[in-house]
Amino acid sequence: MKSRKPAKAAESGKPAKPESHLAMVRRARRINRELAEIYPYAHPELDFRNPFELLVATVLSAQTTDLRVNQTTPALFAAYPTPEDMAAAVPEELEELIRPTGFFRAKAKSLMGLSASIRDNFGGEVPGRLADLVTLPGVGRKTANVVLGNAFGVPGITVDTHFGRLVRRWKWTEQEDPEKVEAEIAAIFPKSEWTMLSHRVVFHGRRICHARRPACGACPIAPLCPSYGEGETDPEKARKLLKYEMGGQPGQRLSPPPDYPGRPAPALGAG
């Protein structure tokens, strides 16, 4: 990771001039370029082998960690490898398999519903269009964009909790509604960057720019951050806050990409 000193606060006592929209766009694009250097291996942190597995894993990821989902899905996909299989599941048996992810009854209902819809309305294949994906039970724009961007190569911005709080922390938007956030960020970046931008921002939020105690003193993009100082600024203390590969710990995937520099996560019950 590059080592950079954070930008010094103005010492003149004069209030800083408001940032123009053009200056914000330039700063946002520079942050994206910096994140691309910091996380050249950024990727979706859900294990999947096909569009159906990614769709199911993304639905399960609500209100839990990607790690817990990844620890749960091997047994789930062994039991129900296709939409046809999952649509015909015994609800109580499906619920028991996904229990570790929380809200298992509601999630099981969504999984069986979307599987039945894929079977009945899309020939057993996950559709590759946003308009079709959002017709599936339990699938909104966020889930649809995850699937489109990572299983079909269709650019999309995924506004999860990490993405939303970081783009507000960086003053790229003041919007709270995910669809409005998506629209404003989409206007800043070329479409070709949308999917990877989403991964980079989420990676940074999980590893360095945490919600409660951001590791400001260990952040490589501190000079570009208007919220520098919200977290720990002492470099040594900040380094202790780093997570996953940045902190020398396992990542969230049991089967990470070959270029991932961290260690694979342990299977359920293994640690």
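Among contacts in the chain between residues at least 6 apart in sequence, what percentage join residues at least 24 apart?

1. The figure is 60%. Keep in mind that this is a predicted model.

2. Start with the secondary structure. The chain has twelve helices and zero strands.

3. Next, overall size. For 271 residues, a compact globule would have a radius of gyration near 18 Å; the chain has 20 Å, which agrees. Along the principal axes, the C-alpha atoms fill a box of roughly 70 × 40 × 30 Å.

4. Of the 271 residues, 49% are buried. The accessible surface is about 13,700 Å². Carbon and sulfur atoms account for 52% of that surface.

5. Charges come next. There are 38 positive and 31 negative side chains. The centres of these two sets lie 8 Å apart.

6. Then the aromatic rings. The count is six aromatic pairs. One of them joins Tyr-39 and Tyr-41 edge-to-face, at 6.4 Å centre to centre with 90° between the planes. Both of these tyrosines are buried. Tyr-39 and Tyr-41 also belong to one aromatic cluster with Phe-203 and Tyr-260.

7. Look also at Trp-172 and Phe-189. This aromatic pair is tilted, with 5.3 Å between centres and 55° between the planes. The pair links distant parts of the chain, 17 residues apart. Trp-172 sits in the loop between α9 and α10, and Phe-189 in the loop between α10 and α11. Buried means under 20% relative accessible area. Trp-172 has 3%, so Trp-172 is buried. Phe-189 has 4%, so Phe-189 counts as buried.

Note on methods:
Residues are numbered from 1 along each chain as its sequence is written. This is a predicted model: local features need pLDDT of at least 70, side-chain atom pairs count only at pLDDT 80 or more; totals for chains, interfaces and linings use all residues. Side-chain values use heavy atoms; hydrogens and water are left out. Helices (H or I, at least four residues) and strands (E, at least two) are DSSP runs, numbered from the N terminus. The radius of gyration is taken over C-alpha atoms; the globule rule is 2.2 Å times the number of residues to the power 0.38. Buried means under 20% relative accessible area, exposed over 50%, partly exposed in between (1.4 Å probe, protein chains only). Contact means heavy atoms within 4.5 Å. Accessible areas come from the Shrake-Rupley method with a 1.4 Å probe; for residues, only the protein chains shown count as cover. Lys and Arg count as positive and Asp and Glu as negative; His and the chain ends are not counted. The place of a charge is taken as NZ of Lys, CZ of Arg, CG of Asp or CD of Glu. Rings of Phe, Tyr and Trp (its six-membered ring) pair if their centres lie within 6.5 Å; planes under 30 degrees apart count as stacked, over 60 as edge-to-face and the rest as tilted.
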